Amino acid sequence: MEIPRRAWRAIGGSGPPTVPIAMRPLRSEMDETAVNAAVGLALRIGELMLAVGAPAADVIATVQRVADALRLFDCHVDVTYTSITVSYDRLGAVPLTAVRVVRVSQADYTRLQGVTAVAQAVVDERLDIEEAHRRLDAVTSAPATYRRSIYALGWAGVAGCFAFLLGGGWWEALLAAVTTAAVEQMLRILNRWLLPPFFQQAAGAALATGVAVLLVALDVNVRSSLVVAAGIVVLLAGLSLVSATQDAIDGFPVTAGGRAFEVVTLTTGIVVGIAGVLDLARRSQVPLEVVSTVAAPVPVPVALTASAGIAGFWAVVSHARPRAVGLAAVAGALAWTVFSLTGLLGAGPVLASGAAAVVLGFAAEALTRPLRLPPQLLVVCGIIPLLPGLAVYGGLFTVVVNNDINGGLTALVGALAVGLALAAGVTLGEYLGRPLNGRRDRYDKRVRRSRFLRRSRTADQR
């Protein structure tokens, strides 16, 4: 019996458990009023971040940091597509659980920057809870970043730059910009009337396709397919596809499933609107072929400028301030440059997109601290020129309108692969860049270490 015991002592582990699961909660050092106030602040910060476009993983990480700073050491956070739950478990008392439903989800990077700044102040400066709420009130009640006309010009700029990136000229870019501005104005009116998003997508796509039909009917010498492709870019769900894939990689299948279903629903609305107008055009003997997902060759300076413009204008419509808009434009140019160079080396669209996303995610994470900007701004705006939204639209169009199931599924699989590469590349790049952002990395390690030490001391006392 002595030999087996000695052998086990030689090979047996002596460190902490591999994965700390089902740990017994600690006794709370705060009274009920303080606990309620702390949970309320953490929940509000998470709700605001989720509402203005932060990824689920970043929301949970930020709320956990705030909870630890407020001495809520056994706080559990869960995020789904439309809700956030914060539960505080304490020894000798009933767990306190609070839930918020997030009904609005729209990218607003100025507000996201403000919310993350308040959260960082709570962690670093031990900001008072009431003062934190006052700062959050200032963030949520602030007026819109730009005037209404600037947002309309932003959407028009995105479409015009996409027209150049797809190989169009000045006329195509101008027509795409005007069409997109009209589509965006109509969507604003329909949203004010509380029309469901599916029908908004169908109406917007019908308007964009109607412009192309009119151009063909009037025999205008422009590439009508390019005009409609760039004109409906504001409707495409490529960004949601990337977000869904990123949530799935980060371990949030419920949120990823919700986003994926939204992709299918909204993109189907686009196809329904286009198919309806095409059917009317064919009955009127107007020959029109809208689907054209193959872009013409574009000179390098034009493509580089167009990519920067797309990212910059997207930052404008995402409520980013002028300084952030300039940095977003640089990110878009960087992403396109890496994508093009990787393609010249023989890589396909999937590998080239993934390489560009890795570089972009690395740069965004490494520059978060010195630039004092949320990394989502640079990442999201930078990958806009590479999004597979047009391929998603083309694949569903091929299935629904042309009855070519094999061709449509091929396009959809290709779009899914590009979206997966972008999301995986961004996640990998952020992971690789995190050591350069040492402050946050050291904080995470300190929180994990202090949690284990507190539990170990408590267990010894028992």
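Biologist: Where in the protein is confidence lowest, and where is it highest?

Modeller: This is a predicted model, and its confidence is lowest in helix 19 (residues 438-461), with a mean of 49. The highest mean, 93, belongs to helix 5.

Biologist: Let's turn to Arg 71. What makes Arg 71 count as partly exposed?

Modeller: Its relative accessibility is 40%. Buried requires under 20% and exposed requires over 50%, so a value in between is called partly exposed. Arg 71 sits in the loop between helix 3 and strand 1.

Biologist: And what is the phi of Arg 71?

Modeller: The phi is positive, about 70°, although Arg 71 is not a glycine.

Biologist: Why is Arg 126 called exposed?

Modeller: Arg 126 counts as exposed because its relative accessibility is 54%, and the cut-off is over 50%. Arg 126 is found in the loop between helix 4 (109-125) and helix 5 (129-140).

Biologist: What about Glu 125: buried or exposed?

Modeller: Glu 125, which lies in helix 4, has 55% relative accessibility and therefore counts as exposed. Beyond its neighbours within four places in sequence, Glu 125 is in contact with Gln 120 and Arg 135.

Biologist: What makes strand 1 and strand 3 edge strands?

Modeller: Strand 1 (75-79) and strand 3 (96-101) each pair on one side only. The open sheet has three strands in the order 1-2-3, with antiparallel pairing. Its twist averages 10° from one strand to the next. Helix 3 (residues 56-69) lies across strand 1 and strand 2, at about 160° to strand 1.

Biologist: Which residues touch the most other members of the largest nonpolar core?

Modeller: They are Ile 45, Val 59, Leu 72, Val 122 and Trp 314, in a core of 92 residues. Helix 2 (residues 32-51) gives the most to this core, eleven residues. Another core lies apart from it, with twelve residues, including Val 183 and Leu 236.

Biologist: How do you know that the length of helix 13 is close to what is expected?

Modeller: Helix 13 (residues 322-344) has 23 residues and reaches 33 Å from its first C-alpha to its last, close to the 33 Å expected at 1.5 Å a residue. The buried residues of helix 13 include Ala 328, Trp 336 and Thr 342. Among the elements covering its buried residues are helix 6 (148-165) and helix 12 (300-317). After helix 13 comes Gly 346, with a positive phi near 105°.

Notes. Residues are numbered from 1 along each chain as its sequence is written. This is a predicted model: local features need pLDDT of at least 70, side-chain atom pairs count only at pLDDT 80 or more; totals for chains, interfaces and linings use all residues. Side-chain values use heavy atoms; hydrogens and water are left out. Two strands pair if DSSP finds at least two bridges between them. Helices (H or I, at least four residues) and strands (E, at least two) are DSSP runs, numbered from the N terminus. Axes are lines fitted to C-alpha atoms, for helices over the stretch in contact, and angles run from 0 to 180 degrees between N-to-C directions. Contact means heavy atoms within 4.5 Å. A nonpolar core is a set of buried Ala, Val, Leu, Ile, Met, Phe, Trp, Tyr and Cys residues joined through side-chain atoms within 4.5 Å. Buried means under 20% relative accessible area, exposed over 50%, partly exposed in between (1.4 Å probe, protein chains only). pLDDT is the predictor's confidence in each residue, from 0 to 100. The expected span of a helix is 1.5 Å times one less than its number of residues.
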